[in-house]
Amino acid sequence: MPLTSLIKPILYFTISMVSAQNINLDNKIIPESIKKEVIEAISFYPELYDTAIEFKFKDNIKKSTMQAQPRFASFFKRKENREYVILISRNIQIEGEHFTMEDIPSDVKVGWLGHELGHVMDYRERTNFGMLIFGIKYLFSSAHIKEVERTADTYAIAHGMGDYILKTKNFILDNASLSEKYKERIRRLYISPEEVMELINENKVEEEPEIVGEEGS
Ligand SMILES: [Zn+2]
């Protein structure tokens, strides 16, 4: 038997073991139809091991496809024990065009989930009072929306999900069947694919000095 045919399964096994250790499914609720994508996305966020998150389908979400929010019942708990819900729209109605989650490629869904988990990372740092102010500002300030959306993408990219984030953005912006009005909103409030690539490169540069240091010593 050639050696390479042996290495591949071993490598695959090792990788899946490593990622499985990072994931705690006891405190996650995940619908079967999106389980693969959710597990792929949360494997990039080992910090969320102890964080309870429910992924939940909803028929329609106004103006968005997915939405991360604290669970209302946990709102008065300490922020370490706060629980989150990520709502996923079953139907995506954009300016008359109708999609369902099943129409969206798997990698694009992983990118979308990675962005929502970036919001959870951001929320975890905020106090309950801070979350309240945050919610009010989100309703009224587009500058605040821009900042919050940038933060979510930045978390996802810093956790190694840059390529997924790019795929999700390109899926929206290159999609001929989505209206120009919707794409304009995305361009106005979210960071561009070019900025995503810049952030990916910045992350790579930050990792390099360690390697240089090792070589020099
Ligand atoms: Zn967002």
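**Entry 1: overall order**

I read the protein chain along its sequence and noted the pattern α-β-α-β-β-β-β-β-α-α-α-α-α. I counted seven helices and six strands; helices (H or I, at least four residues) and strands (E, at least two) are DSSP runs, numbered from the N terminus. I recorded that this is a predicted model, in which local features need pLDDT of at least 70, side-chain atom pairs count only at pLDDT 80 or more, and totals for chains, interfaces and linings use all residues. I number residues from 1 along each chain as its sequence is written.

I then looked up burial and found that 22% of the 217 residues of the protein chain count as buried. A residue is buried if 20 or more other C-beta atoms lie within 10 Å of its own, exposed if 12 or fewer, and partly exposed in between, with C-beta atoms placed from the backbone. Among contacts between residues at least 6 apart in sequence, I noted that 74% join residues at least 24 apart; two residues are in contact if their C-beta atoms, placed from the backbone, lie within 7 Å.

I asked which residues of helix α2 (residues 35-42) are buried. They are Glu37, Val38, Ala41 and Ile42. They cover an arc of only 120 degrees around the axis, which puts them on the same side of α2; the arc is that of the directions from the helix axis to the C-beta atoms. I recalled that an α-helix has 3.6 residues a turn, so residues three or four places apart point the same way. The buried residues of α2 pack against β2 (53-58) and α3 (106-124).

I looked up the pair α2 and α3, which pack at an angle of about 50 degrees with their axes 9 Å apart. Axes are lines fitted to C-alpha atoms, for helices over the stretch in contact, and angles run from 0 to 180 degrees between N-to-C directions. α2 and α3 are therefore oblique to each other; angles under 35 degrees count as roughly parallel, over 145 as roughly antiparallel, 65 to 115 as roughly perpendicular and the rest as oblique. On the α2 side, the contact is made by Glu37, Val38, Glu40, Ala41 and Ile42, and on the α3 side by residues including Val110, Leu113 and Leu117.

**Entry 2: helix α5 and its partners**

I turned to α3 and α5, which pack at an angle of about 150 degrees with their axes 7 Å apart. That makes α3 roughly antiparallel to α5. Among the residues that meet here are Trp112 and His115 in α3 and Tyr155 and Phe171 in α5.

Helix α5 (residues 142-173) also packs with helix α6 (residues 180-189), at an angle of about 105 degrees and with axes 9 Å apart. I noted that α5 and α6 are therefore roughly perpendicular to each other. The contact involves Ile145 and Leu173 of α5, among others, and Lys183, Ile186 and Leu189 of α6.

**Entry 3: two single residues**

I located Asn27 in the loop between α1 (3-22) and β1 (28-29). Asn27 counts as partly exposed, with 13 C-beta neighbours inside 10 Å. The C-alpha atoms of Asn27 and Thr51 are separated by 7.0 Å, although the two residues are 24 residues apart along the chain.

Is Glu194 buried or exposed? I found Glu194 in helix α7 (residues 193-216), and Glu194 is exposed, with 10 other C-beta atoms within 10 Å. From C-alpha to C-alpha, Glu194 and Leu166 are 8.9 Å apart in space and 28 residues apart in sequence.
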